Each structure stands twice: as structure tokens, then as C-alpha cells.
Amino acid sequence: MTGKKIKLRAITCAIALSLAGTAFAADRIEYERINLGALVDGESYGELVVKYREGTPQRQNPGSVANAIGASWTAALGSGAASAGQPLHVRRLGVGADVIRLPKLLDVAEARQLMRQIAADPAVEYVEPVVRMEKFAVPDDPRWDEQWHYHAPEESAGGINLAAALDHADGSGVVVAVLDTGLTDHPDLSANVLMDEGYDFVLRQPGGSDPGDFQELCLGTFCFLISPSSWHGTHVAGTVAAVTNDGIGVAGVAPNAVVLPVRVLGPGGGSSTDISDAILWSSGGEIDGVPANEFPADVINMSLGSGSPVACPNVYKDALAEAHRRDVTVVVAAGNSGNNSANEWGLGHTMGNCSEDIVVVGGTGPAGARGGVARDGTLLSRGSNHGGRIDIAAPYGIGTTVLGDPDNVLSTLNTGQRGPEEPTYEFYPGTSMASPHVAGAVALMQSVAPNRLSPDQVKQILKSTARPFPVELDKPVGIGILDAEAAVLAAMQPPCDQTDEGCALPPQQLFNAAPLMPLSADADDGVLYSFEATAGSMLNIMASGGAGDASLYVGFGTEPTADAYDFRSVRPGNNEVVRIAAPQAGTYFIRVTGEYEGITLRAQQARADD
């Protein structure tokens, strides 16, 4: 009888866990459909994005959308809504969603109420606010010293080994779209720029020039400069493809690639709707009212994102999915807030939390530590964002805004405070600077690959050839540091067969007490991690949170499996703990198996210097 009771309890627990997982999944679907996670307290909202399902009258006739939203407007906000006016249809986006301008600005509570009312219509696929994006960098003043970030590891611990890569590839024939503030004319860059063929999605006009993103306050005829122009896009593009071996200035990662400038950021940032259209257009898609892109990108770089943690706008997910379908590799900056890149609900520093298909780039400094950490280990800024959504790290700098700090990343710039003036060079910090290192490396890879690499193949190569971090990190920023030569050499070979044992990614290293999350996987042979332990004090390896059912298998010195291991934790759910009372000094391998979403993994050991 006792055995039957135990079995009944096990069945009851299994049903409860299944129901909990189903509820979590259903809640998350509704959470994304009504994208409340994109709302930020204290912000005001004057535009919404609404996407109607295929086959509905509103999807077939954009002219009917405003009337449909008008009914929701009145129902949600009551009699006072009519006196404010009616919502207006602005335009249809390339992903099929519609931009709606509201008669007045709404606070978060009002926007939430209206979005829920709109989503009550089953014809609505999703509704979300228009989100403002910002550039990920802090500008400095001019001074050129050296590009430590390109050097070989023996010369610079945080370098990407570029010189060796340029012996094999130069990026010829590859188009890199830089979605940013636009570009300025620069003698060390312009020869590689398709300026007239670019497009300005801020002003909706042809050309990719940067008029300046300065902000000023005007009192009558007197105007005061609040913030000067950053020339952010010019700096990013110089890292991707500055002209090399021309006897002036700096080198680019892919010196014979061409840059397609796409302006999506102006004073105060840029909108999710403009950026969504820009992603689609850059990858070769058509946008109503925008001339066709004659030079579709092979690679898209986006050194931009949300200043506050938000849910990824659905218009981004749609646009990124289309870019992926067109075999365009999208590289994005992880952000510089020192936060986790995303949590189990998807809140994070967009764009890094938008898709598993993109390459998310974290940052490192000259010593190979997390970006924002000085050579002596001092944290000088909030530093690179971190966590399980970041794929690979590249040079960020140390994050200071000291004029001409040579420990930051050097590239092309302009001297203008408002509009463009004279070309110059400057050291900037941030993942905005890390991301174009990877985008340039992808251009090198595509230029020598026997056949065009898919985004999935690109990501596999980047991660499998990454160089291990030379120091222990305070927070995880990817599987390792970009190694440009190793990535190029791998790209020159036939694509790795995913069924081969030798094709597996190297284990991602866990650092003491630093959580890695969110982690998600389908049921398979598991994902491998590693931890460098010291002898003596207890080692705890823990998984927690999220949904699904994960198990831990641990082996010392050898990779464990479900059949061969030194330690394991296989309880139902995701709360798993392996305690090793007297660990040996060396590498412990951790395999996480099962089907799970949004879990946190951590290895923790008290050490003599803690």
C-alpha cells in the first residue's frame, strides 16, 4: 500500500509540474502578445504598433485599422477620449504591423489599459508601444594612439588577432549594413562606403549621411548645446571597414568590405518602427514608400539598444526572423549597463533579448576582463551587460570618458559639435565598439567561405573558435573572446556537420558565484559548461528558476554523460544542486540536460582570497 501512495504522489506531482509549465507557457504567449514588458515607468506613449492576423479585414485594408483602434480607444479611456480626438494610422511596416498615433500622450497605466482593450479583439496578433532606442557608447574627445584591440593575444590579452586574419581574408565582396546615426565623410573610410545607396529612416529620405545627433535648448534666438553630436555611426563603421594600408589613420577589421549606412538614430535615439523597417530593408525586403535596396546586406550591425530593460518589441522579432530567412547574419551589442542581458520573461537590453538567431556581443578590456574593468581589476564603469544570452566577447575598453583614453577602442570620427566639420579619430568605450569587431570578422569569414555561410553556421564558427578568457571574469560575457584568424580559417573549410562529435561547441566557462542566465534548451544530449575549482573548500553547483525539467551531471577532468558521471542531481523541475565537499583543484565539467526555459546556472566556492 505504501508503494501505491508513493506512486500516486509522484503522478500528482508530475501533473502539477506539467500544469505549472503549461500555465507558464500560456502566460508568456499572452505576455508577448500584449507586450506590456516594453512599457517603462515614467515614460509617456503617443504611438502604438498593432499587428492584425492574416486574413482579417484590417490586415487586408490598412485604411480600416484606425477605425478599429478608435473603438478600443473610446472603450478603454471612456468619455474623455472622444474630446481628445481619434487615433490616426501612420503607416504599415514591412513586417505587416501598423503604426498608430494616439490623440494624446498616455502614461504607463493608460497605455496598459488601451493595449489590453485592443488585444481583446481576437483579430489582433499583437500590440505594443513604439520603443525608443539609444546608442551604446559614451563619446570622448580626439586623440589617436594605438589599436590594442586588434593585436594578437601575446601582445594584448584583449585583442582579436586581426593581423593574422588579414593574411587570409579582407572582406572583399561583402556588404555590411550599419544601422546607426549615419556616416560622415572621412578620408580613412569613405572609399568603402555606399553613401548614396544608403537610406535615412529617421527622415525617410535616400542617403546614409549623418547630419549630427546633437541636442540643444533654445530660448528665443539663443541656443545652448546640451549634448554634442556623437558621430557614433562613423566610429562603428570605421571599426568594420576603415581603409587599411593607405598610410593614414587606423585600420578596419574588414578593409575591403563595403558599408551600407542606414540611419535609424537621431537626436534622442530612434524608434522601434523605424529600426524594424531598416532591418527588413537592409536584408533586401521591400518597404512601402522606400526605394528598393540595390545592395542587400550580408551582415547587419546594430550597436544600439534600450536604455532600460524592456521586452523585445514584436516588430523586431518579425524583422529579425525575415533577415534570418534571407541568410543575413545580424550582430548586436549587448549593452553597457552592467545588467543581465535578459531574464526568464525576456526583459533585457534590446536588441540582445530579441532572438536566438542573432549574434549578441559582450565586451572585454585590454586585459581580457569584462568591459569596464581596468587593467588592475578595478571596475571603472557599470561595464558590459552579461548573462546567458551573450554569445561572444570583443573589445569594449575600460569604459572611462577620460579624453583620449588609449584603453578604449580607437576608430574614425568627426570634430563637429553640431553638424559635421573635420574628420578625426577617437577612443570610444562600449559594446557599441565590440559589436563591429564581430560584424567585420563575419565579413572576413564570408569573403573566403567556399559557399555563403548561413547565420547559424556563422554563429557556430564564431563560438567554436573563440579564445578562452585569459582572466577570471566577475560576470559572464559569452563563450570567449573573438579570434579573427581562427574564425577565418574555420570559414575556409566545409561547414561543420552538426552530427559529428567534433562539431560540438566548447564548454562555456562558469566563474565563481557569477550566475549565468537565462538558459534554455530542448531535450537532447545536454549543454556543457566548465568550472575551474581550487582544492579543499566545498563547491556548490546549482540550477534554479524558469520552467521545464533540467538535470545536472558533473565530472572531474572528463565530460560527463547521463550514464557516466561523478556527481548528479536529477530531481523533478529545475531546482538542482550538486555539493562536492572536498573538490580537487582542476576542471569540473557540468552537463545540463532536459527541456527547460529561463533557468539560472551557478558554481560557487569559497576561496582564500574571497
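1. The expected span of a helix is 1.5 Å times one less than its number of residues, where helices (H or I, at least four residues) and strands (E, at least two) are DSSP runs numbered from the N terminus. For the 13 residues of helix α3 (residues 65–77) this gives 18 Å, and because its end C-alpha atoms are 18 Å apart, the two values agree.

2. This is a predicted model, in which local features need pLDDT of at least 70 and side-chain atom pairs count only at pLDDT 80 or more, while totals for chains, interfaces and linings use all residues. Residues are numbered from 1 along each chain as its sequence is written, and side-chain values use heavy atoms, leaving out hydrogens and water.

3. Several residues of α3 are buried, including V65, I69 and W73; buried means under 20% relative accessible area, exposed over 50%, and partly exposed in between (1.4 Å probe, protein chains only). After α3 comes G78, whose phi is positive, near 80°.

4. Rings of Phe, Tyr and Trp (its six-membered ring) pair if their centres lie within 6.5 Å, with planes under 30 degrees apart counted as stacked, over 60 as edge-to-face and the rest as tilted; six aromatic pairs result. The rings of Y199 and F201 have centres 4.8 Å apart and planes at 65°, so this pair is edge-to-face, and both residues are buried.
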